[in-house]
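Please go through the briefing below with the sequence and the model side by side.

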Amino acid sequence: MDFLLLLLFKHAVVDLALQTHLVDINKSKYLGNGHIHYFQHGMGTIIIAGLFLKGIELALLCAITDYFIHWQIDYSKHKVNNYLKIAPRSIAWWWTNVIDQCLHFITYYFLVTYFNALSF
């Protein structure tokens, strides 16, 4: 449970605190500079996973998985918002953010469940 809780705290710090310092990040480009943000998530995850998983290999794999899934979720959200011409701070925009956050939380639940099982 502590593993999950720390991943959720990490997510809040990276998504709400660190991301505010990133200028001109465009997550609508699949291979764009959004990877700075995804990398921050991966780095946070490897630090936390290193505390709970046996072996650096599992912690690294967990971090890479988080990085990759975070990339797919954020990219997809931005593509949907752009395709549907959803205005920032509109009701629809807030709902796509709710879906985005729920998908991230589900990701952490599965990372903890799966990698804890591999660790024992």
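A salt bridge is taken here as a side-chain nitrogen of Lys or Arg lying within 4 Å of a carboxyl oxygen of Asp or Glu. The model is a predicted one, in which local features need pLDDT of at least 70 and side-chain atom pairs count only at pLDDT 80 or more, while totals for chains, interfaces and linings use all residues. Residues are numbered from 1 along each chain as its sequence is written, and side-chain values use heavy atoms, with hydrogens and water left out.

**Salt bridges**

- The structure holds two salt bridges, and in one of them Asp66 pairs with Lys10, the closest N and O atoms being 2.9 Å apart.
- Asp66 belongs to helix H3 (residues 56-83) and Lys10 to helix H1, so this pair ties together parts that are 56 residues apart in sequence; helices are DSSP runs of H or I with at least four residues, numbered from the N terminus.
- Asp66 counts as buried at 1% relative accessibility, and Lys10 is buried with a relative accessible area of 7%, where buried means under 20% relative accessible area, exposed over 50%, and partly exposed in between (1.4 Å probe, protein chains only).
- Lys27 and Asp74 also meet through their side chains in a salt bridge, at 3.0 Å from N to O.
- This pair links distant parts of the chain, with Lys27 in the loop between H1 and H2 and Asp74 in helix H3, 47 residues apart.
- Both Lys27 and Asp74 are buried.

**Packing of H1 and H2**

- The axes of helix H1 (residues 2-17) and helix H2 (residues 35-52) come within 10 Å and cross at roughly 155 degrees; axes are lines fitted to C-alpha atoms over the stretch in contact, and angles run from 0 to 180 degrees between N-to-C directions.
- H1 and H2 are therefore roughly antiparallel to each other, a term used for angles over 145 degrees.
- In H1, Asp2, Phe3, Leu6, Leu7, Lys10, His11, Val14 and Asp15 meet His37, Gln40, His41, Gly44, Thr45, Ile48, Ala49 and Phe52 of H2, contact meaning heavy atoms within 4.5 Å.
- By class, the contact of H1 with H2 has seven nonpolar, six polar and three charged residues.

**Tyr83**

- Tyr83 is placed in helix H3 and counts as exposed, at 69% relative accessibility.
- The C-alpha atoms of Tyr83 and Leu111 are separated by 30 Å, the two residues being 28 residues apart along the chain.

Key
Helices (H or I, at least four residues) and strands (E, at least two) are DSSP runs, numbered from the N terminus. Angles under 35 degrees count as roughly parallel, over 145 as roughly antiparallel, 65 to 115 as roughly perpendicular and the rest as oblique. Ala, Val, Leu, Ile, Met, Phe, Trp, Tyr, Cys and Pro count as nonpolar, Asp, Glu, Lys and Arg as charged, and the others, Gly among them, as polar.
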